[in-house]
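Here is a short tour of one protein model. Look over the sequence and the structure, then read on.

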Amino acid sequence: MGTEHVLAIDLGTGGPKAALVTPEGRITAHEFEPTPIELLGDGGAEQDPDAWWDAITTAVRRLLAGGHAAPDDVVAVSVTSQWSGTVAVDHAGKHLYPAVIWMDSRGAPYVEELVTGRLNVAGYDAFKLKAWIQKTGGIPSHSGKDPLGHILWLRHHQPDVYRAAHAFLEPCDYLNARLTGRQCASFDSITAHWLTDNRDLTNVHYDQQLLDWCGLTEQQLPELVPSASVVGTLQPAVADEWGLTPATKVVTATGDVHSAVVGSGALGDYEGHLYMGTSSWLSCHLPTKRTDLLNNQAALPSAVPGRYFLANEHEVGGGALLWLRDQAQMISDVDEANGLAEAAPAGSNGVIFTPWLNGERTPVDDHTIRGGWNNLSLTTDRPDLVRSVFEGVAYNSRWLLDTVEKFIKRPLDGLNFIGGGARSDLWCQMHADVCDRVIRRVAEPQHANARGAAFVAWLALGRQSLDELNRAVTIEQEFHPHPDGRAAYAPLYKEFGKLYKAHKPIHARLNG
């Protein structure tokens, strides 16, 4: 026998990654295949589930053709994907409409109608707010970007799809349904629907009162199974297409936030990590269920059984660089962006970029706010503009860090940095200086989600413990705050917060 592996599928917004991962967390090999996204002018954001599947199949077949592991040595498949999306499927698991993904805000008016009343707190009916928070830990976002918002939008604008749907699945659970033929969700993957009672992590279940308020039934939603459990084996047709055996187990799928927590090497309570992909977040495990309504973050079920993690999100993290490349056409790739940014001084000669290109979720739930450059002059040059984008995302991270630390009532002792953005030495040091915290770059940070998904599989198979998995993650390099950097960024960060307050009413009028 060779070395056993888990095949981890990590479906990001830009496309899927397939990786072979050992029990020790080593990425033996990996492949990536891009997929397109359709951004619609009315706040819509959709992707083709068949394009996901075709890209995954291409990546998996290319990966396995490399001979890195024999089919019999791939003991499980574990899926992680972009979270808070919706795929309407029929009885056979075939999608009936494009995937409505996490960026889609078209459901906002229907969520507003659902959650507001005569006596409102933070824009929510006081009675409903209390029930939702007590049971789920959260409440449907005013932005409409949660699966419930997507489902309500489908009900109003695609009634034929809504009526024909057998279930509304998260993207990761849709992929698992294609793998196994079983339409199910884990206690953690279902959370963003805001329809489950999460107070007892051994008995997460759909809540009838919440279903009634939303006009939904349990029959329209997937079966619930415990986190980190085996849900089935590969369907023979899939096994044949991918070159694996039908006996290969499939474990519960996870959202990208959940797998990142597990793969970050920060599994203990109050051990923080920062993720920088298309979106970004700053999270840690927590010992109890708590909610921060005003800043739109909450302790939700983790992919680790019996644990809560702090869920929050920035709509745009590394996606700001993709925008700089694809829309502003100011760079050709990330390497060029790093080179240009290094040519400008810390603080970009006073230019501040606000990265709210698709609204924001945390620490403000605001789908009308927008980003841009501030304080430009005739002397502003290309390096200033590019560096300010890196810095603006770092200021946003600091804004979230301040919010998280206030909520957990303690400073975080440094941050494990993961995601593709962590590969930039410049961005690592910039975050250390802006956040005034030690930034610990995890080895192979771009594979943290795939590693986390594989760790979930090893847990489900009973092959590894949490302590063993945490020790398996290596810190590649530490970046310590530099006095000059802190001095340059501190006054600009103060102005960053003021820019949100100044722009909020203007953008609400422009984009409301």
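## A buried aspartate in a loop

Asp 188 sits in the loop between β12 (184–186) and β13 (196–197). The model is a predicted one. Asp 188 is buried, yet it has no salt bridge. Which side chain of opposite charge is nearest to Asp 188? It is Arg 307, and it is 13 Å away.

What does Asp 188 touch, once neighbours within four places in sequence are left aside? Its contacts are Trp 83, Ser 227, Ala 253, Thr 254, His 258, Pro 301, Ser 302 and Ala 303.

β23 pairs with strand β22 (residues 291–292) in the antiparallel sense, over two bridges. Asp 292 stands opposite Gln 297 of β23. Four residues lie between β22 and β23, and the two strands form a hairpin. In its turn, Asn 296 has a positive phi of about 55 degrees.

β23 also runs antiparallel to strand β24 (residues 308–311), and four bridges join the two. Here Leu 300 faces Phe 309 in β24. This pair is a hairpin as well, with six residues between the strands. Gly 306 in the turn has a positive phi of about 80 degrees.

## A three-stranded open sheet

Elsewhere, three strands form an open sheet with antiparallel pairing. Their order is β4-β5-β8. β4 (38–39) and β8 (99–100) stand at the edges with a single partner strand each, so one side of each has no neighbour in the sheet. Strands of a sheet pair through backbone hydrogen bonds.

How many bridges link β5 to β8? There are two between strand β5 (residues 45–47) and β8, in the antiparallel sense. Glu 46 stands opposite Val 100 in β8.

## Helix α3 and its ends

Helix α3 spans residues 126–136. Its buried residues are Lys 128, Leu 129, Ala 131, Trp 132, Ile 133, Lys 135 and Thr 136.

Both ends have a detail to note. At the start of α3, a side-chain oxygen of Asp 125 reaches to within 3.1 Å of the backbone nitrogen of Phe 127. After the helix comes Gly 137, with a positive phi near 95 degrees.

## Aromatic pairs

The structure holds 18 aromatic pairs. One of them joins Phe 390 and Trp 427 in an edge-to-face arrangement.

## Helix α13

Nine of the 11 residues of α13 are buried, so the helix is largely enclosed by the rest of the structure. Among the buried residues are Leu 426, Cys 428, Met 430 and His 431. Ala 432, Asp 433, Val 434 and Cys 435 are also buried. Just after α13, Asp 436 takes a positive phi of about 55 degrees.

Definitions and conventions:
Residues are numbered from 1 along each chain as its sequence is written. This is a predicted model: local features need pLDDT of at least 70, side-chain atom pairs count only at pLDDT 80 or more; totals for chains, interfaces and linings use all residues. Side-chain values use heavy atoms; hydrogens and water are left out. Two strands pair if DSSP finds at least two bridges between them. Buried means under 20% relative accessible area, exposed over 50%, partly exposed in between (1.4 Å probe, protein chains only). A polar contact is a pair of N or O atoms within 3.5 Å; within protein, one must be able to donate a hydrogen and the other to accept it, and residues adjacent in sequence count only if both atoms are side-chain atoms. Lys and Arg count as positive and Asp and Glu as negative; His and the chain ends are not counted. A salt bridge is a side-chain nitrogen of Lys or Arg within 4 Å of a carboxyl oxygen of Asp or Glu. Contact means heavy atoms within 4.5 Å. Rings of Phe, Tyr and Trp (its six-membered ring) pair if their centres lie within 6.5 Å; planes under 30 degrees apart count as stacked, over 60 as edge-to-face and the rest as tilted.
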